[in-house]
Amino acid sequence: MNIMTVENLSKSYGEKVLFQDVTFGMDENDKIGVIGVNGTGKSTFLRVIAGLDEPDGGRVALNNDARITFLAQNPEFDPEITVLRAVFQGGSSELQVVSSYMEAAEMLEQHPADTGFQAQMTKWSQEMDRVQAWGLESEAKSVLSKLGIPDFSKKMGSLSGGQRKRVALASALILPSELLILDEPTNHIDNDSVAWLESYLQKRRGALLLITHDRYFLDRVCNVMLEMDHGRLFRYEANYSRFLELKSEREEREASTEQKRKNLLRTELAWIRRGAKARTTKQKARIERFEKLQGAKTEFKNDSLDISVASTRLGRKIVEIAGLRKSIGDRLLIGDLTYVAVPGDRVGIVGPNGSGKSTLLNMIAGRIEPDQGEVMLGGTVKLGYFTQEHQEMDGKQRVIEYIKDEAEVVSTADGSRITAAQMLERFLFQPAMQWTPIEKLSGGEKRRLYLLRVLMGAPNVLLLDEPTNDLDIGTLTVLEAYLDEFPGAVFVVSHDRYFLDRTVDKIMAFEGDGVVAVHVGDYSEYEERVQGTVEPEKQKSDSTKSGSSSVPNVGKTDQAPSRNEKLKFSFNEQREYDTIDGMVEAAEQRIMDIATSMESAASDAVQLQALMTEQQEAEAELERLMERWTYLNELAEKIESQRNG
């Protein structure tokens, strides 16, 4: 069923055309990813579709019954309300009822004898019954916990920007809607939360429209790609992997068309220059065709970044970490970390939000002192630190002035020297744009500008703290290529699984209680080890071997039968096959019972936490049983086929 139609949509800012004459439709099962270079207007595009910005032309037609939920890139909240109250600060009637009920409950708790508050509590309890909203509170607490916000009573003003974004994401996810619009939902959440969100959106019913730089996320969640390119919109019925193939084919066709146009233009130009006598109809037609070819130029720009900047010479001693220990209050972040960096090191730093990853980078950079131990840098080390926080920029300063403050000329890897203006062009800041005040740039363009300034310093050790936040996929792709050639050491904190797989060969994992373990291999290999069946002691010893992993043995027999051996159930398999359906049904019923209990315990945070843990265990058990059910039924079919054959 079609839920939305966009017709001839256009939007400009000054002379800059963001998108023009965009037309497409959206069905209820579409999960659409919007991609494009920073500054092309992706966020504005989502806001126009959500009805928050007015287009210059065209219209967005929604199905009468379609409800839209929108997650902004930088949501705003009242700093004085609690996390749980903030989740229900939406515009829908259900959220307003829950918010009013919670406010009445808070007031009654403070004034238990007040008859007025008692009456308010009764009124809003009845409203909760009417809109069937009792389950929303428990669902909100569950989603918040999955997103790494376990303290529901904290004031919003005490949260970081990333935490506030996760609260807004929880609010968007719990509200029923036919179209969910998310602007960079994977920013500021850790790897486990990204994986959970990925799974949640895969199962969610209804249409989805989102912007994200996470390529694994796009590949696994989306079935349609919308590419914004020079004001045009291209639709691909594909996930991200297939989109890359289709985009390549499109660009090859465009390049071929442009080459044919140029060849025809040269022929017509030669004829015109010979002095055509524009008297006959045929001659007039040729002149008109020449003019048409002149005006038919395809918008075909090579928007590829080139950041081949040379680094400063690096000596043998790089970064040595010895006996590092750091706590914040009563919480131990790093217990005893020792690590010696080697030339060409590519270290990915992972762990839950707040575990101390950025703190470690700040200690390497000398911005924070450790409680014990030390970080020693080699005498030739020149750090380049791309921080997670948005850097303070003078909005009135011109783009080129900001870069010249770091360096006016820089040497590239091949020994040539290029100016700041030329480097800006390589970073897609065209000459006219270089004199634009920084305040006119989009958030992503500011991040790209900041990255260029870091690299213009010719560092030989790079510290990258969440570099994928707010950078477009094209910039990330070139940054990855740059890191391939970068001769120095790199320490990168990131929740972007694709970026880690693409760039690192060691994982430094914050595993809780001050434990920071080093594993050889990329992120996927590390994740396989963590989720495998290797005993903890053996896993630690294996972690020094590149690519070592352990894969679960679920659904496999101890020994595969030979080709001529007859398939049959073992005694235990036959008994399990006879009872597996009942076991699956019981596991499903247990999950339903836990959900009912969670609704009843909505106001008891301690009991709710225990039930959430029980729910996770029950879901894991159901998943195990379903894998076993699939294996046993496939084996039964093979046995039956062999018997009939």
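Biologist: How many bridges join strand 12 to strand 19, and do these strands run parallel or antiparallel?

Modeller: In general, strands of a sheet pair through backbone hydrogen bonds, either parallel or antiparallel. Here 4 bridges join strand 12 (residues 346–350) to strand 19 (residues 506–512), and the two run parallel. Within this pair, I349 stands opposite M508 of strand 19. Strands (E, at least two residues) and helices (H or I, at least four) are DSSP runs numbered from the N terminus, and two strands pair if DSSP finds at least two bridges between them. This is a predicted model, where local features need pLDDT of at least 70, side-chain atom pairs count only at pLDDT 80 or more, and totals for chains, interfaces and linings use all residues. Residues are numbered from 1 along each chain as its sequence is written, and side-chain values use heavy atoms, leaving out hydrogens and water.

Biologist: What is the order of the strands in the open sheet?

Modeller: The order of its 6 strands is 14-17-18-12-19-20, with mixed pairing. Strand 14 (383–386) and strand 20 (515–520) are the edge strands, each pairing on one side only.

Biologist: Is V194 buried or exposed?

Modeller: Buried means under 20% relative accessible area, exposed over 50%, and partly exposed in between, using a 1.4 Å probe and protein chains only. V194 is buried, at 0%, and lies in helix 7 (residues 191–203).

Biologist: Which residues does V194 touch, not counting those up to four places away in sequence?

Modeller: Contact means heavy atoms within 4.5 Å. V194 touches T186, I189, D214, F217, H495 and R497. The C-alpha atoms of V194 and R497 are 9.2 Å apart, although 303 residues separate them along the chain.
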